[in-house]
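Subject: Structure handover

Hello,

My notes follow below it.

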Amino acid sequence: MKTTKVALINCFNYELEELKTKIKDALDLIGGLETIPQNARVLIKPNCLGPFHYSQAITTHPVFVQAVIQIVKTRTNNIIVGDNPATKNLIYTLKKNGIYDVIENEKVEILKGDIFTTIYNEEGKIYHEFEVSKQMIDVDIMINLPKLKTHALMYLTCAQKNLFGLIYGLNKASWHVKAPNPLVFAEAFNDFYGAILNSYQNKKIINICDGIIGLEGEGPSTSGFPKEAGAILASFDAISLDRVAIEIAGLEYDKYVLNQIGSKRGLGVGNLKDIEIVGEKINTFENIKFVPATNPLSIRSLRLLKFKRLRNLVLEHPVIDKQKCIKCGECAKICPPKALTIKKGSYPKLNKTSCIRCWCCSEVCPQNAINKSERPLLGKILLKN
Ligand code: SF4
Ligand code: SF4
C-alpha cells in the first residue's frame, strides 16, 4: 500500500495567475489547502540563501511566493514570510531576491528570526537539541517553499534541506565544524529534522517545491547554473518530495545520503514504491538531466573520509579566481574553521590543512569566484564510485 503522496505538476513560467492555478491543483491533489484552518497563523518559508537576484535560480522565485501567499489568503490573513539567510540580514536579502516587494504589496508580516527557542529530538544520533527562530515554530502551519538545486556537499537540496533556514544566520556554519563529513552531516541533519517534526507534531508542514527553473552544477549558489525542469511538487512529506525530485532531476539516488538516512530512520518515505505520485507521471520529465556537482561521493567514499588525514590527500580544495574576486570577505566571514582569512585590500588566503571542504565559502561568494581544484591523483584512485 502507498503510504505518502507527492503531487507533480508541469509548469514552464512564472506568470502569477497560471502559477496560482497550478499550485492550487498540486495542493488539491494532496488535500493540502483544507488542512489550513481558517485564521490559522501560517509561516511561508522560501529559500532566501543569500542576496541573489531571482534570475540566478538560487532562491525561490518571488512570483511563486506571491502565488502561495494569495492562495493561503483564501484561508487566513495571519501570514508571516521569511527565512534565515546565511550571512546578510533578511530585509536586504529579500530586496535582492525580489521577494520584499511581494511582501509589501501583499501586506503580510516579515519574519523576525533573531528571537530563539530550543527544539528537541531525544532519539537523535549525534545531537538532541537545536536553537531555532521562535517565530518559525510558533505557528499553526509551515509552508516550505524549496528550490530544486544540486549541492556541492549534499548532492541535492530541496524540501528537507531548505529547513536548515530555521537556524539563524552564521549559526548554520558551525554545524560543519561539528559534522565535517557529509555522512556525519546527513546524520546530524536528520537529528535536526526529527526535532522539527517533533515540534510540529500536532501541526502541519506543507512542502511546495519551485522546480520550474532549478539549479544544476556546483550548486546551491553562484557556482551553479539555472536549469529548466518545468516542475511543481507538493507533499506533506519532505523526504518523499525529495525522493521524487531526484528522479525529476535525473540524478542518482545512491548518492543522496541525506534522504536515505531520513527514510531509514522513518522520518519520511524514501522508497519510491511506497510513494503515490499524483498528477503528472515521472516519465513526463524523463528528458530532464541535471548536471551534478563535480565528483559526487558515494556512501563508500564518504565512509573513507571519516579519516580526517585523508581529506587533504584525496579531496579537491577551494581556489580563488582573482579575475572575479572583489575582496568582499564574505567567504572568510562564513568559513567555519577559519581556514580562509582575508586582510583589507587583499585576496582571501586558504589554509588547506584546516579546510574541511564544506563549500560554505562558495555558497556565499557573490561573484562565483571560488572554484574546485582538480581532485588529487590519490583521490581519483581511492574515491572511485
Ligand atoms: S575554505 Fe571553504 S570549503 Fe574550506 S572550510 Fe572554509 S568555507 Fe569550508
Ligand atoms: S572569493 Fe568571493 S566571497 Fe571571497 S572575497 Fe572574493 S568575491 Fe568575496
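T150 stands opposite L156 in strand 9. Keep in mind that this is a predicted model. T150 belongs to strand 8, where L148 and T150 lie on one side and K147, K149 and H151 on the other. Both faces are covered, and these residues are all buried.

Strand 8 has a partner in strand 9, which spans residues 155-157. The two pair in the antiparallel sense over 3 bridges. They form a hairpin, with 3 residues between them.

Strand 8 also pairs with strand 10, residues 204-217. Here the sense is parallel, over 2 bridges. In that pairing, K147 stands opposite D210 of strand 10.

Start with the general rule. Most residues other than glycine have a negative phi, and most peptide bonds are trans.

- Y155 sits in strand 9. Its phi is positive, about 80 degrees, although Y155 is not a glycine. Y155 has a relative accessible area of 5%, so it counts as buried, the cut-off being under 20%.
- K107 is in the loop between helix 4 (99-106) and strand 4 (109-110). Its phi is also positive, about 55 degrees, and K107 is not a glycine. With a relative accessible area of 72%, K107 counts as exposed, because the cut-off for that is over 50%.
- G219 and P220 are joined by a cis peptide bond, with omega about 15 degrees. P220 is found in the loop between strand 10 and strand 11.

Is T222 buried or exposed? T222 is buried, with a relative accessible area of 9%. T222 is placed in the loop between strand 10 and strand 11 (224-235). Which residues does T222 touch, not counting those up to four places away in sequence? They are F52, Q56, I58, S362, C365, P366 and N368. Two of these, C365 and P366, are also listed among the residues around ligand 2.

**Domains**

The protein is divided into domain 1 (4-285) and domain 2 (307-382). The contact takes 18 residues from domain 1 and 19 residues from domain 2. The C-alpha centres of the two domains lie 27 Å apart. Between them, domain 1 and domain 2 bury about 1,600 Å². Of that area, 59% is on carbon and sulfur atoms.

T222 falls within the bounds of domain 1 (4-285).

**Ligand surroundings**

Ligand 1 is surrounded by 13 residues. The closest are C335, C355, C358, W359 and C361. By class, this shell divides into 12 nonpolar, no polar and 1 charged.

Which residues are around ligand 2? They are C325, I326, K327, C328, G329, E330, C331, P348, C365, P366, Q367 and I370. This shell has 8 nonpolar, 2 polar and 2 charged residues.

**Helix 2**

Helix 2 covers residues 62-72 and is mostly covered, with 11 of its 11 residues buried. Those buried include V63, F64, V65, V68, I69, I71 and V72. Q66 and Q70 are buried in helix 2 as well.

**G250**

G250 is in the loop between helix 8 (238-248) and helix 9 (257-264). G250 has a relative accessible area of 30%, which means partly exposed, as the value lies between the 20% and 50% cut-offs. Leaving aside neighbours within four places in sequence, G250 is in contact with I288 and K289. G250 and I212 are 38 residues apart along the chain, and their C-alpha atoms are separated by 15 Å.

Regards

Note on methods
Residues numbered from 1 in each chain as written. Chains lettered and ligands numbered in written order. Predicted model: local features only at pLDDT ≥ 70, side-chain atom pairs only at ≥ 80, totals over all residues. Heavy atoms only, no water. Near = heavy atom within 4 Å. Nonpolar A, V, L, I, M, F, W, Y, C, P; charged D, E, K, R; others polar. Buried < 20%, exposed > 50% of the residue type's maximum accessible area, 1.4 Å probe, protein only. Helix = DSSP H or I, 4+ residues; strand = E, 2+ residues; numbered from the N terminus. Pairing = 2+ DSSP bridges. Domains from an automatic or database assignment. Contact = heavy atoms within 4.5 Å. Buried area = accessible area lost by both parts, 1.4 Å probe.
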